[in-house]
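Try each task before you read its solution.

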Amino acid sequence: MSYNFSITRKQDMSVANTTNEPFGKVPTNHMFIAEYRNGEWHNPRIEPMHDLTLSPLALCLHYGQTVFEGMKAFKFADGRVNIFRVEKHHDRFCKSLDRMCMPPVSYELFRDSIRELVNLDRDWVPADGDGSLYLRPFMIATEARIGASKAEEYLYMVLASPAYQYYSAPLKIKVERNFTRAADGGTGAAKCGGNYGGAFYPTQKAREEGFDQVLWTDNKHHETIEESGTMNAMFYFNNTLVTPALSGSILDGVTRDSMLTIARETGIHVEERSISITELKALFDSGTQVEAFGAGTAAVVAPIKSITIDGKEYACYLGEDAVMFKLKSALFNIRKGLAPDTHGWNLVI
Ligand SMILES: Cc1ncc(COP(=O)(O)O)c(C=O)c1O
């Protein structure tokens, strides 16, 4: 099924210069919005960006029934725009929604809402360097009733905002041995708002101690590596790319999946398995060259310059020949249309 959206265009279609603005601060001219009630999506439409009217009783404000996605569109040299890995993001969106008892959005509605918004605001997609248009599909529970049970009414929306480089320098991170991002059986694999709100306090504490981010560990023993900030954790040592397996408590990152696919195709040995802090410490202590990086849509590849384990800082390898930079540029080339898209990851408009 294809949706016919009503589109109300903003009168002033000018594009703001956002190069010096913080990530996610300036939206494009328009937004997509649809309402769910009586078991169906109603009135899908694109409108000029505006504030919402919401009852203070709306369930999302009280019980955190919110789910979001984060994805990107890139400009090709010929002016066409590429929306990257729509299917994989839709798949994860639906899994997150299911975990939070929220209604699904069909693939067609998801794809078309994003495609039509990007098409209308295509002049906002940065053309240069690492620039991209960050896309934020999300859903919130809007039913006005402060009873703690799942809502019957929701809003599905898509916003867009130009994005440039996320982190300007390699990261100094700290292994988190006290706080937990996600527990077994919890919502760690879902992209729901509460996971992020709960991570702010430990992250803020780490920042006050001079770190950029925390490296989360498992909730029982704080010994097995999970992920870092809004990124999946990846390591390259002994000719092997190693990343934590999808355990249910970490996010199934689209960048992670893309990197692993590219790595396997380029003949790099890949292991998805559990990595303990003891193993990591032993590697550093033995003088093994270790590359560490975060992989995520916002930062793409965020090189890690050091990892502090129980107060001791260990340096990671950042040389120009590092494998993470090769993977980053291979991914960049596919997304910018500079290398063939052999997996059907690109939706080019
Ligand atoms: C908690 C968390 N882990 C990992 C990632 C990386 O996922 P992706 O590559 O799909 O952006 C993200 C970002 O979306 C995230 O928020």
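**Exercise 1: a strand pair**

In S17, Tyr314 is the bridge partner of Ile307. This is a predicted model, in which local features need pLDDT of at least 70, side-chain atom pairs count only at pLDDT 80 or more, and totals for chains, interfaces and linings use all residues. Residues are numbered from 1 along each chain as its sequence is written.

Task: how many bridges join strand S16 to strand S17, and which way do they run?

Solution. Start with the terms: strands (E, at least two residues) are DSSP runs, as are helices (H or I, at least four), numbered from the N terminus. Two strands pair if DSSP finds at least two bridges between them. Here, four bridges join S16 (residues 300-309) to S17 (residues 312-315), and the strands run antiparallel. Finally, look at the turn: the two strands form a hairpin with two residues between them, and Asp310 there has a positive phi of about 45°.

**Exercise 2: a helix and its buried side**

Solution. The expected span is 1.5 Å times one less than the number of residues. For the 14 residues of H2 (residues 86-99) that gives 20 Å, which agrees with end C-alpha atoms 20 Å apart. Next, list the buried residues (20 or more other C-beta atoms within 10 Å of their own, C-beta atoms being placed from the backbone): Val86, His89, His90, Arg92, Phe93, Ser96 and Leu97. They cover an arc (of directions from the helix axis to the C-beta atoms) of only 165°, so they are on the same side of H2. After H2 comes Cys101, with a positive phi near 60°.

Definitions and conventions
Buried ≥ 20, exposed ≤ 12 C-beta atoms within 10 Å, placed from the backbone.
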